[in-house]
Amino acid sequence: MARKTAFVYADELSRHTLSDTHPMKPARLRYTYELLQAYNAFDAPNVSVVAPREALLEEIRWYHSADYVDAVQRLNNGDASVEQRRFNFGPGDNPAYRGIYDASALSTGATMTAVEMLLSDEVDAAFSISGGLHHAMPSYAYGFCVFNDPVIGIKRLLAEGLRIAYVDIDCHHGDGVQHAFYDTDAVMTISLHESGAFLFPGTGHTQEIGAGRGRGYSVNMPLYPYTTDEVYLWALREVAMPLLHRFQPDVMVTQLGIDSHFRDPITHLALSVQGHAAAVQELASLGARKWLALGGGGYDLQAVARAWAMDFAVMSEQNLPAAIPRDYAAQYGVSTLRDVEELPVQADMIRDARTFAEAGVQSVQRLVFSALGMR
């Protein structure tokens with residue numbers, strides 16, 4: 001029987017604008033929905049499309065400080081008296097804009113909607129594509145992220161006494177989620193990302209393995225620029241899969257950022273959309289009883305739509321034809337779901353990425369596997 005899967009979406013999630021020049025374009029959420037709709041993916045009997053609710057104030061405060069949440073509420077209405085720099089708002093990554101609280105609370109609420117459907121056994125898997133805002137810290141915005149919906153969603157799951165594995169395949173390190181659960185063994189955080197030596201936020205080194213009861217439960221696999229599908233999937237299988245099989249989570253939470261794509265304008269990894277989907281398929285093979293999937297980064301908008309459409313097909317156990325349906329293809333100028341061109345990565349770069357990944361895998365196995373008694 002196919003996995004019962006929810007897609008959490010409403011057009012309101014895609015209508016706000018961070019700034020005219022900001023790379024984060026919420027319209028990518030609508031493109032993903034429209035592409036799946038063009039494929040008739042929502043017509044499958046095991047699939048439901050569910051509108052989000054807004055997150056409650058008390059839910060947001062499970063992770064974020066009261067003064068920070070109050071500041072975001074005031075910025076929502078254009079309050080010029082807010083000391084923006086105190087909360088890391090301003091020109092650049094984290095602009096304050098009218099409606100910022102409304103948009104952020106709805107995105108967080110989408111993830112809470114997904115969590116509630118999983119807890120009520122309405123579905124086995126749920127994809128909150130507007131979520132995955134993994135950088136936000138308790139008292140300040142960070143890396144395009146205002147409220148950290150992965151942390152808030154996981155806290156709701158922890159309240160039910162569940163063990164959570166959080167796997168983050170965004171190109172950027174999942175620093176905010178690691179920060180929240182660094183000292184607990186109830187959540188294992190695993191992040192595969194471009195090395196912090198080359199990319200924001202500069203963290204996520206293999207030596208960051210947790211503290212106290214959480215020692216061995218924070219796992220980081222940094223990767224070299226221009227890492228391609230083959231090396232990426234090898235690292236995932238060497239690091240994440242053995243740990244997940246040992247941990248045996250009640251719920252698997254995946255952050256599925258696709259800023260790792262070779263055409264992404266602000267990062268340096270070199271995945272294809274089919275490589276990204278293969279990583280998701282690998283995680284699906286774990287067979288976790290419940291699966292919460294979240295969006296994340298991704299700044300080539302049609303790469304986002306194609307990758308997340310493929311990811312949702314993996315979740316809902318559907319096969320999407322390679323040829324994109326005619327109307328969508330004509331409107332957006334894309335014809336194939338998978339990437340077909342040869343990736344522009346030179347042989348010496350591939351060798352360097354492999355060498356870097358091998359060293360990272362050895363480091364994780366030495367530090368984390370040994371801490372957990374696996375070697």
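Val8 has Ser128 of strand 3 as its bridge partner, strands being DSSP runs of E with at least two residues, and helices runs of H or I with at least four, both numbered from the N terminus. The model is a predicted one, in which local features need pLDDT of at least 70 and side-chain atom pairs count only at pLDDT 80 or more, while totals for chains, interfaces and linings use all residues. Residues are numbered from 1 along each chain as its sequence is written, and side-chain values use heavy atoms, with hydrogens and water left out.

Strand 1 (residues 5-8) and strand 3 run parallel and are joined by 4 bridges; two strands pair if DSSP finds at least two bridges between them. Strand 3 is also joined by 4 bridges to strand 8 (residues 290-294), again in parallel, and there Ser128 has Leu294 as its partner. Both faces of strand 3 (residues 125-128) are covered, with Ala125 and Phe127 buried on one side and Ala126 and Ser128 on the other. Buried here means under 20% relative accessible area, exposed over 50% and partly exposed in between, for a 1.4 Å probe and protein chains only.

These strands belong to an open sheet of 8 strands in the order 2-1-3-8-7-4-5-6, with parallel pairing. Strand 2 (47-50) and strand 6 (218-223) form the edges, each pairing on one side only. Strand 5 (residues 187-194) is linked to strand 6 by 6 bridges, and His193 stands opposite Pro222 in strand 6. Helix 9 (residues 301-316) lies across strand 1, strand 2, strand 3 and strand 8, at about 165° to strand 3; angles run from 0 to 180 degrees between N-to-C directions, and axes are lines fitted to C-alpha atoms, for helices over the stretch in contact.

The largest nonpolar core has 79 residues, and those with the most contacts inside it are Phe7, Phe127, Met221, Leu243, Leu244 and Trp291. Such a core is a set of buried Ala, Val, Leu, Ile, Met, Phe, Trp, Tyr and Cys residues joined through side-chain atoms within 4.5 Å. Helix 7 (residues 229-247) gives the most to this core, with 11 residues. Apart from this core lies another, of 27 residues, including Val8, Ile152, Ile164 and Val187.

Helix 5 (residues 149-158) is largely enclosed by the rest of the structure, because 7 of its 10 residues are buried. Among them are Asp149, Ile152 and Leu157. At the start of helix 5, a side-chain oxygen of Asn148 reaches to within 3.2 Å of the backbone nitrogen of Val151.

Technical notes: A polar contact is a pair of N or O atoms within 3.5 Å; within protein, one must be able to donate a hydrogen and the other to accept it, and residues adjacent in sequence count only if both atoms are side-chain atoms. Contact means heavy atoms within 4.5 Å.
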